[in-house]
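Subject: Structure for you to look at

Hello,

Here is the structure I said I would pass on. My notes follow below it.

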Amino acid sequence: MTEQKRSVAIHVPVLARVEGEGALDLRIDDGAITQLRLRIFEPPRFFEKFLEGRHYTEIPDMVARICGICPVAYQVTAAQALEKLFGVELSPWAHDMRRVFYCGEWIQSHSLHIHLLAAPDFFGCSSAIELAKIAPQEVRRGLRIQALGNELMDLFGARSVHPVGVRIGGFHGAPSLDRVREIREKLRAALPEAEALIRWVAGIAVPQDEQAFVSVAMQHPTGYAIETGGIAASDGLLIGAEAFDTHFAEHHEPHSTALFSHYHGQPYLVGPLARLNLNHARLPERVKTLLAETGVVLPSRNLFHSLVARAVEILLALHEALRLLDAYHVPDSPWVPVTPRAGVATGCTEAPRGLLWHRYEMDAEGRVLNARIVPPTSQNQARIEEDLRLSLQNFGLDQPDDALRLHCEKVIRNYDPCISCATHFLRMNVDRG
Amino acid sequence: MNSVCIFGIGSPSGDDQAGWLTIDALRAVGVQCDAGILIEKLDRPGAGLIPLLDNAAWVILVDAMQGSGPAGGIQRFDQKDWPRYTKGLSTHGFGVLDALSLARELRSLPSRLDLYGIGIGSVLPGDEAGLEVHAAAQRVAAMIASSLKG
């Protein structure tokens, strides 16, 4: 008997509920994928052009506007790139508090993604509202953790959405000891909640979907890289931010207004799982112990372990914030003076969704001549397409259309992509060939 | 616990300040934070709104509303109408009605919830709100002040 291979055309015209605009085209002919495109058709935002001519003092607040979820990443990356060019030596206080500020962003962004975006997929729910019917305590806990992350961002940024605390040379202000004492207690109280979160997430059944890919993340000799370190890859690469262009290349694909990135000509992964794959040995001991209990073996080749990676990074960020805030003091000045100079500034940090790289060419007055920003989602775009192709084959192309669609959604959401810094659910039409 | 929490929701972008202007207008007519009332401006709280609902028996929310109506129009939203206006969940699109719907599932809604929407036009960052929105905020503030008197 000859098996009839079916042909299916799945068009997702709009990735729904997004700040950015994208779509998915999938065509299966005679049981083989003949077309798979994650189309990003949102008009370019020209942020880099907006920065041209702007004074360095304006840059942190401007780049914070790129993303409502990870503004700290944009601010800190820009500030550190310019500080390096200007020869600014931050005070140890400012160094530490930048990391704490960043921890707040990881906590809120990861908790939001786990509970409101990703987890519903694995419980057969279409939204967090549905998930709350069956896992109310877990959703409540997630919201508490997210709120704590926001509070930490507010502590240094004056607000959690598009914060304004960072300046070149440090921070505009320093929180009072009373406020820090208050948040320290909340951080301490959240530790058992974050540990419970790891156990809960590790217990969620995810597809066994092993794939080969290159992980790229920052690496630091002594700690888990967040805001400082070099750029490392799982094949042994370790470079400074200034060498990014030597190894990574962006190119335009006709179906996307976001640039694709390749590492030595191939797709690569950035984000929580890439970080954990490269840096798990640098986690605090308590976090390592819990991670070992999950049974996740690192480095992992299953992208669905990103859920566990985010939960682990929440606990790490809580520990790091507490460690640094336990030694908190109000400094004489939260910033050091800055004298601009002409030249090229490069810098990178680990945004919640992965490596974020900035390059600025500055004039002697401290104005931007040109800027380039490479966000994590554009770096992951080629990897998402590759993942979809491999994952669908593992899943089975003969699955019903609804199952294929849901699987595609899971795969894409798993990356927590920001199309123009957004994430999305798929709305799709199925057209059978 | 406060007996009444009044939250004006907004952002510093043109007419999106409608909720904040309502709080200003309330304060101007003498409604202030005291032992029983919390009155506060919120900047795009998203899911962060939910924990704030735990602290009151009566919550009054005012937010900007974009639709087909004119700028400055005022609408009250009953719970049964929420699904019609909820577009769904996303990282960036987690709006007030999404948060309230989730709060309802989590049984975090206060026993009384008054939700006001003010129709808006332009929301350009850094712009002032339009005159119609200023006037509507005054009217909503008067309605709230009146309801507080019982």
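The expected span of a helix is 1.5 Å times one less than its number of residues. Please keep in mind that this is a predicted model.

Helix 6 of chain A, residues 136–157, is a case for that rule: with 22 residues it should span 32 Å, and because its end C-alpha atoms lie 31 Å apart, the two values agree. After helix 6 of chain A comes A:Ala158, with a positive phi near 70 degrees.

On confidence, the predictor assigns the complex an ipTM of 0.79 and a pTM of 0.89. Chain B has a mean pLDDT of 87, with 91% of its residues at 70 or more. Among the elements of chain B, the highest mean pLDDT, 96, belongs to helix 1 (residues 18–28), and the lowest, 69, to helix 3 (residues 82–85). Where pLDDT is low, the predicted coordinates should not be read in detail.

Back in chain A, the axes of helix 4 (residues 92–122) and helix 13 (residues 401–414) come within 10 Å and cross at roughly 145 degrees. The crossing of these two helices of chain A is left-handed. Helix 4 of chain A contributes A:Leu117, A:Ala118 and A:Asp121, which meet A:Glu409, A:Lys410, A:Arg413 and A:Asn414 of helix 13. Sorted by class, this contact has four charged, two nonpolar and one polar residue.

Chain A also has an open sheet of three strands in the order 6-7-8, with antiparallel pairing. Strand 6 (216–219) and strand 8 (238–239) of chain A are its edge strands, each pairing on one side only. Strand 6 of chain A is joined to strand 7 (residues 230–233) by four bridges, and A:Met218 stands opposite A:Ile231 of strand 7. Helix 9 (residues 272–279) of chain A packs on this sheet and touches strand 6 and strand 7; its direction makes about 55 degrees with that of strand 6.

Two backbone details in loops of chain A remain. Most residues other than glycine have a negative phi, and most peptide bonds are trans. The bond joining A:Leu298 and A:Pro299 is a cis peptide bond, with omega about 0 degrees; A:Pro299 sits in the loop between helix 10 (285–294) and helix 11 (306–325) of chain A. A:Asp416, a residue other than glycine, has a positive phi near 50 degrees. A:Asp416 is in the loop between helix 13 and strand 14 (425–432) of chain A.

Regards

Methods
Residues numbered from 1 in each chain as written. Chains lettered and ligands numbered in written order. Predicted model: local features only at pLDDT ≥ 70, side-chain atom pairs only at ≥ 80, totals over all residues. pLDDT = per-residue confidence, 0-100. Axes fitted to C-alpha atoms, helices over the stretch in contact; angles between N-to-C directions. Left-handed = near helix turned anticlockwise from the far one by under 90°. Contact = placed C-beta atoms within 7 Å. Nonpolar A, V, L, I, M, F, W, Y, C, P; charged D, E, K, R; others polar. Pairing = 2+ DSSP bridges.
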